[in-house]
Amino acid sequence: MSDDGYRGGGVRRAALVGAASGLRSQAGLAGVALTARPDDPAGSLLAHRWGRIGALVGAVGEAVGDKLPQTPSRLSAQGLLPRLLLGGVTGWALAAREQTRGAGGGTHEEAYQYAADGEELTRSAPDAAPALIGAAVGVAAAAAASFAGARWRRIAADRNWPDWPFALVEDAVTAAVVYAAVGRPDGRRRAGAGDPWREETLYEGSYAAREVDADIRPDAYHQPGG
């Protein structure tokens with residue numbers, strides 16, 4: 001897939017996870033953490049067992065607290081700022097993840113690229129622009145969803161209706177938006193899947209890249225007793 005394809009997919013995911021963060025500040029982070037891989041951007045934290053548990057507990061706790069009458073307005077500073085912050089963080093994470101995983105879930109080993117000259121092997125640095133765009137889109141989507149969610153809940157308050165049915169509908173919408181943001185991309189395949197020549201090339205390239213990397217970072221490949 002082209003760079004424009006990665007960027008478009010990343011922006012879409014950033015907008016969705018930002019909107020989810022505007023509705024429930026912890027929901028987008030939980031979705032990102034539960035689907036993270038160790039080699040994703042910030043994956044060493046998000047994909048860790050305790051990172052996932054913490055994000056999930058935060059999301060559940062917020063969903064419960066949202067129903068309590070003493071919970072402050074999401075449009076107050078203490079309600080809005082976390083939504084904007086987490087909208088930006090999760091938007092960055094998904095846009096960077098989309099770029100890193102490539103066409104439908106390639107591994108970090110595919111970031112190793114053969115140089116055009118000689119047999120030199122290089123490790124290319126990813127373009128930071130898509131992730132930064134994702135962060136900005138996430139913040140904007142979180143702001144819009146925060147105001148939209150507050151307006152939705154205001155309907156019940158203005159009519160003296162019970163708030164909890166509106167809150168549950170918002171919970172369901174949030175869950176659906178998170179799923180759309182972090183779910184598997186449609187119509188894509190893992191890079192090289194079904195193409196024997198491509199799979200062999202990736203295997204040989206990653207093996208050679210590991211040999212080069214082992215010379216640079218020998219501690220990373222040290223085996224106990226070796």
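1. Overall make-up. The protein chain contains eight helices and two strands. Along the sequence, these elements are arranged as α-α-α-α-α-β-β-α-α-α. The chain has 226 residues, of which 38% count as buried. Among contacts with a separation of 6 or more, 74% are between residues 24 or more positions apart.

2. Confidence. The mean pLDDT of the protein chain is 79, and 67% of the residues reach 70 or more. Residues 103-123 have pLDDT below 50, yet this stretch has 45 contacts in the model beyond near neighbours in sequence. Residues 186-206 also have pLDDT below 50, with 29 contacts counted in that way. Where pLDDT is low, the coordinates of a prediction should not be read in detail.

3. Burial of H2. Helix H2 spans residues 27-34 and is mostly covered, with seven of its eight residues buried. The buried residues are Ala27, Gly28, Leu29, Ala30, Gly31, Val32 and Ala33. Which helices does H2 pack against? Two partners are treated here: H4 and H7.

4. H2 against H4. A pair of packed helices is described by the angle between the axes and the distance between them. H4 covers residues 49-65; its axis lies 8 Å from that of H2, and the packing angle is about 150°. Angles over 145 degrees count as roughly antiparallel, and H2 and H4 are therefore roughly antiparallel to each other. Their crossing is left-handed. On the H2 side the contact involves Ala27, Leu29, Ala30, Ala33 and Leu34; on the H4 side it involves Gly51, Arg52, Ala55, Leu56, Ala59 and Glu62. Sorted by class, this contact has eight nonpolar, one polar and two charged residues.

5. H2 against H7. The axes of H2 and H7 (residues 164-182) come within 10 Å and cross at roughly 40°. That angle makes H2 oblique to H7. The crossing is right-handed. H2 contributes Ala27, Gly28, Gly31 and Val32, while H7 contributes Thr174, Val178 and Val182. By class, the contact of H2 with H7 has four nonpolar, three polar and no charged residues.

6. Ser21. This residue lies in helix H1, residues 3-23. Is Ser21 buried or exposed? Ser21 has a relative accessible area of 0% and the cut-off for burial is under 20%, so Ser21 is buried. Leaving out residues up to four places away in sequence, Ser21 touches Gly28, Arg83, Leu86, Gly87 and Thr90.

7. Ile133. This residue belongs to helix H6, which runs over residues 129-158. Its relative accessible area is 33%, so Ile133 is partly exposed. How far apart are Ile133 and Ala95 in sequence and in space? They are 38 residues apart in sequence, and the C-alpha to C-alpha distance is 7.9 Å.

Methods
Residues numbered from 1 in each chain as written. Predicted model: local features only at pLDDT ≥ 70, side-chain atom pairs only at ≥ 80, totals over all residues. Heavy atoms only, no water. Buried < 20%, exposed > 50% of the residue type's maximum accessible area, 1.4 Å probe, protein only. Helix = DSSP H or I, 4+ residues; strand = E, 2+ residues; numbered from the N terminus. Axes fitted to C-alpha atoms, helices over the stretch in contact; angles between N-to-C directions. Parallel < 35°, antiparallel > 145°, perpendicular 65-115°, else oblique. Left-handed = near helix turned anticlockwise from the far one by under 90°. Contact = heavy atoms within 4.5 Å. Nonpolar A, V, L, I, M, F, W, Y, C, P; charged D, E, K, R; others polar. pLDDT = per-residue confidence, 0-100.
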